[in-house]
Amino acid sequence: MEWHYEPATLFPVEIRAERVDPALSQIGVVVYDDGLFRDALLARCAAGLVASGYRLGGVVQSNTRRSGRRRCDMYVKDLLGGDEIKISLDRGNEARGCRLDPDAFARINAWVERAVLERVDLLIINKFGREEAHGRGLRSVIAKALIAEIPLVIGVSTRNLCEFLTFVGDSTTRLKPDIEAITAWCRNAIEDGAHHRFQPRLSSARA
């Protein structure tokens, strides 16, 4: 299936930290207003990191336009297993309200949970949306990833940002919506996480 996206404008690498030491941050937040731009940006970032040999988990979204339809068909891809499913219901052009397939959330939740259990290098979640803001969706597996100290990159809309920060606390770095900036943060977060995972305990070092 062909993935459709608008090319992301590249800016100089810049990371604006929301805490004193961004190197210690576990969460990279991409704040957005345009969901299609967010999806394309995170999908490109994930593809580049996978091509570099990193083991990723989580989901990215693609949006395919169909002739005669006002809205895109939405698909999500499991970055660890490679499976892809359609998450949008075809309710017609005049339909209002949420058009997400509720059955898809169970599969996505299982994908992310597996990635956490297998301790991937980095977790990417395309968005912290309305479901998560109301305590549902992927909220529980996001919490598990944070407890497991797996670096996380996540898209958060401006309208859900307050709920997200209330949920995760201050361990965040706000990333510029730019492919180079996000990729640079991801690489640093992965390397920093690997350093802490493989650092010997004090008792072992003394022995």
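This is a predicted model: local features need pLDDT of at least 70, side-chain atom pairs count only at pLDDT 80 or more; totals for chains, interfaces and linings use all residues.
Strand 7 covers residues 152–157. Six of its six residues are buried, so strand 7 is largely enclosed by the rest of the structure. In a regular strand, side chains alternate between the two faces of the sheet. In strand 7 both faces are covered. On one side lie Leu152, Ile154 and Val156, and on the other lie Val153, Gly155 and Ser157, all of them buried.

Strand 7 pairs with strand 2, residues 27–32, through six bridges, and the two run parallel. Strand 7 also pairs with strand 6, again in the parallel sense, over four bridges. Valine 153 takes part in both pairings: in strand 7 it is the bridge partner of glycine 28, and isoleucine 124 also stands opposite it. Isoleucine 154 of strand 7 is the bridge partner of valine 29.

Strand 2 is likewise mostly covered, with six of its six residues buried.

The loop between strand 1 (15–17) and strand 2 contains serine 25. Is serine 25 buried or exposed? Its relative accessibility is 5%, and because the limit for a buried residue is 20%, serine 25 counts as buried. Serine 25 is 147 residues away from threonine 172 in sequence, but their C-alpha atoms are 5.5 Å apart in space. Strand 8 spans 172–175.

Helix 5 comprises residues 161–168, and its buried residues are Leu161, Phe164 and Val168. These residues cover an arc of only 60° around the axis, which puts them on the same side of helix 5. The face turned away from this buried side carries the exposed residues Cys162 and Thr166. What do the buried residues of helix 5 pack against? Their contacts are with strand 2, strand 6, helix 4, strand 7 and strand 8. Just after helix 5, glycine 169 takes a positive phi of about 85°.

Helix 4 also meets helix 2. Two packed helices are described by the angle between their axes and the distance between the axes. For helix 2 and helix 4, the axes come within 10 Å and cross at roughly 10°. Because angles under 35 degrees count as roughly parallel, helix 2 and helix 4 are described as roughly parallel to each other. The contact is made by Asn109, Val112, Glu113 and Val116 in helix 2, which meet Ser140, Val141, Lys144 and Ala145 in helix 4.

The loop between helix 2 (102–117) and strand 6 (122–128) contains arginine 119. Arginine 119 has a phi near 50°, a positive value in a residue other than glycine. With 37% relative accessibility, arginine 119 counts as partly exposed. Glutamate 149 sits in the loop between helix 4 (139–147) and strand 7. Its phi is positive too, at about 60°, although glutamate 149 is not a glycine. Glutamate 149 is exposed, with a relative accessible area of 57%.

The cysteines remain. A disulfide is a covalent bond between the sulfur atoms of two cysteines. How many disulfides does a search of the whole structure find? The search finds zero. For cysteine 45, the closest cysteine sulfur belongs to cysteine 186, at 4.1 Å. The limit for a disulfide is 2.5 Å, so the sulfur of cysteine 186 is too far from that of cysteine 45 for a bond. Cysteine 45 is buried, with a relative accessible area of 1%, whereas cysteine 162 is exposed, with a relative accessible area of 60%. Cysteine 162 belongs to the face of helix 5 turned away from its buried side.

Notes:
Residues are numbered from 1 along each chain as its sequence is written. Side-chain values use heavy atoms; hydrogens and water are left out. Buried means under 20% relative accessible area, exposed over 50%, partly exposed in between (1.4 Å probe, protein chains only). Two strands pair if DSSP finds at least two bridges between them. The arc is that of the directions from the helix axis to the C-beta atoms. Contact means heavy atoms within 4.5 Å. Axes are lines fitted to C-alpha atoms, for helices over the stretch in contact, and angles run from 0 to 180 degrees between N-to-C directions. Angles under 35 degrees count as roughly parallel, over 145 as roughly antiparallel, 65 to 115 as roughly perpendicular and the rest as oblique.
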